[in-house]
Number of protein chains: 2
Amino acid sequence: MSASQNIKVAVDAVVFGYTSKEGLSVLLIKRKIKPYKDSWALPGGLVGDDESLEDAIQRELKEETSISFNYLEQLYSFGKPGRDPRNRVISITYYGLVKPDAFEIKADTDASDAAWFNIKNLPPLAFDHDQIVNAAHDRLKSKMLYQPVGFELLEEKFPFSELEKLYMAVLDRPIDRRNFKKKIVKFGFLEETNEKQALDGAGRPGNLFRFNEEKYYLLQKQGISFEI
Amino acid sequence: MSASQNIKVAVDAVVFGYTSKEGLSVLLIKRKIKPYKDSWALPGGLVGDDESLEDAIQRELKEETSISFNYLEQLYSFGKPGRDPRNRVISITYYGLVKPDAFEIKADTDASDAAWFNIKNLPPLAFDHDQIVNAAHDRLKSKMLYQPVGFELLEEKFPFSELEKLYMAVLDRPIDRRNFKKKIVKFGFLEETNEKQALDGAGRPGNLFRFNEEKYYLLQKQGISFEI
DNA sequence: CTGCATATATCTTCATAACATCTATATTAA
DNA sequence: TTAATATAGATGTTATGAAGATATATGCAG
């Protein structure tokens, strides 16, 4: 291992958030330094010599946006020569899921600003970060077909229509609520509470649901299978 | 990007091969140098400053085993501190599929030997390479449920039972041949030839099949869905 | 030659999932 | 009161999955 190498290793994160009002969003930071100064980019940075990749990304998120998240999955490593104009950087990317309302995001260190952007309305991104966002979105779409999704994105109690809207927002296509509900309920990771939602305006108020955390994580591990 | 970082980036490959006689195999090299001198390990090595990750892994494969493969997919990045006793190394891993009989493997450069090992009978591996192999095997298993697999592993013409045996070897469980055949044939990426297999011993000789390359790659891109 | 073992080919039936859509109910607003 | 809206529940048709029966083509042994 005496060979000389001049490559830096970075981690970057695609942080997805969901609210009923805003839909599916991605957390971006505005860069404070060159290159791409003042451009929006994914939060991230160099890996420390003694920290794991996961620790590195959690640290960078905390530093740049003051967010921490507990759903974190490695996405892909982007290593094309020239992706960073300064020197060779290989970026190991992750995606995570959070409830936006649970955090007050605050830009710091390398970031002059931090904000949520609806995934259908992203600004031009620095580096190859648009590709990374696309890859993460594709991953999340696929994941929804073989694992329960929603625990980290929805409120503790929510009407079933919120889960439905989440799926439609991510998959970007309509879903039949009646069939979808029957399928989801059959898996058993969702429980009905005794409460009803409070609606603005007309409409029958629906029951509030919550995830059965134990069953949710069990099925996340085992996998599920259904078509939408 | 003035921060100092003392991390090396390596690529490593899990090369799967399949033959009817040996089953599913993994290509390993015997290390020539410390650490883990004389231990079996996955082929790989450091990324060059100016080469892509894919080029790096292809080069290392060629150098260490004289194999080249055209099915290559990034698996995962392993970056736990301490995984290499010398210094900090992050390894970006790939897996690939080849026909073992199409190559005469020959160890060279960092490798004193190169050989195929049945996946159920692997020797102790250097570093965290056993985890990498497991991850690759899990990936290949999953992949078989949503993409056609076989083109890079089977002979140009083969009896249907070979495809069946391939799936059973990878998934490590029995498959009902009749149902499996019906499902696979329905996708359309398999063509029947006018030839029959030559059997050793008794048994009705079956027709030889071959992949329709165009349809195979189309469906690999689009995805398929079936249960086994 | 017959019988047996073996491997392949074809088909059927029952169970389950997917897809499409109808009807009923509870709420607000006009 | 009617109309609009959102939720709840159910049904029917089609497609897929799982299990298994039957038929056919080969080699081998007696």
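Biologist: What makes two strands a pair?

Modeller: DSSP must find at least two bridges between them. E9(B) and strand E10 (residues 207-211) of chain B are joined by four bridges, so they count as a pair. Leu190(B), for instance, stands opposite Phe211(B) in E10(B). Strands here are DSSP runs of E with at least two residues, helices are runs of H or I with at least four, and both are numbered from the N terminus. In general, strands of a sheet pair through backbone hydrogen bonds, either parallel or antiparallel.

Biologist: What are the ground rules for your values?

Modeller: Residues are numbered from 1 along each chain as written, chains are lettered from A and ligands numbered from 1 in the order written, and side-chain values use heavy atoms, without hydrogens or water. The model is predicted, so local features need pLDDT of at least 70 and side-chain atom pairs count only at pLDDT 80 or more, while totals for chains, interfaces and linings use all residues.

Biologist: How do you know that chain B and chain A are in contact?

Modeller: Contact means heavy atoms within 4.5 Å. By that test, 31 residues of chain B touch 31 residues of chain A.

Biologist: How many salt bridges are there between chain B and chain A, and how many residue pairs are in polar contact?

Modeller: A salt bridge needs a side-chain nitrogen of Lys or Arg within 4 Å of a carboxyl oxygen of Asp or Glu. Between chain B and chain A the count is zero. A polar contact is a pair of N or O atoms within 3.5 Å; within protein, one must be able to donate a hydrogen and the other to accept it, and residues adjacent in sequence count only if both atoms are side-chain atoms. Here 15 residue pairs pass, both at pLDDT 80 or more. On the side of chain B that touches chain A, strand E5(B) gives the largest share, four residues.

Biologist: Which atoms of Gly203(A), Arg204(A) and Gly203(B) lie by a base oxygen of DNA strand C?

Modeller: For Gly203(A), a backbone N or O atom lies 3.0 Å away. For Arg204(A), a side-chain N or O atom is at 3.1 Å. For Gly203(B), a backbone N or O atom is at 3.4 Å. The elements giving two or more residues to this surface are helix H4 (177-187) of chain A and helix H4 (177-187) of chain B. H4(A) gives the largest share, five residues.

Biologist: Where does Pro35(A) lie, and what kind of peptide bond joins Lys34(A) to Pro35(A)?

Modeller: Pro35(A) lies in the loop between strand E2 (23-31) and strand E3 (40-41) of chain A. The bond from Lys34(A) is cis, with omega near -10°. In chain B, the bond between Lys34(B) and Pro35(B) is cis, with omega about -5°. Tyr36(B) is in the loop between E2 and E3 of chain B. Tyr36(B) is not a glycine, yet its phi is positive, about 60°.
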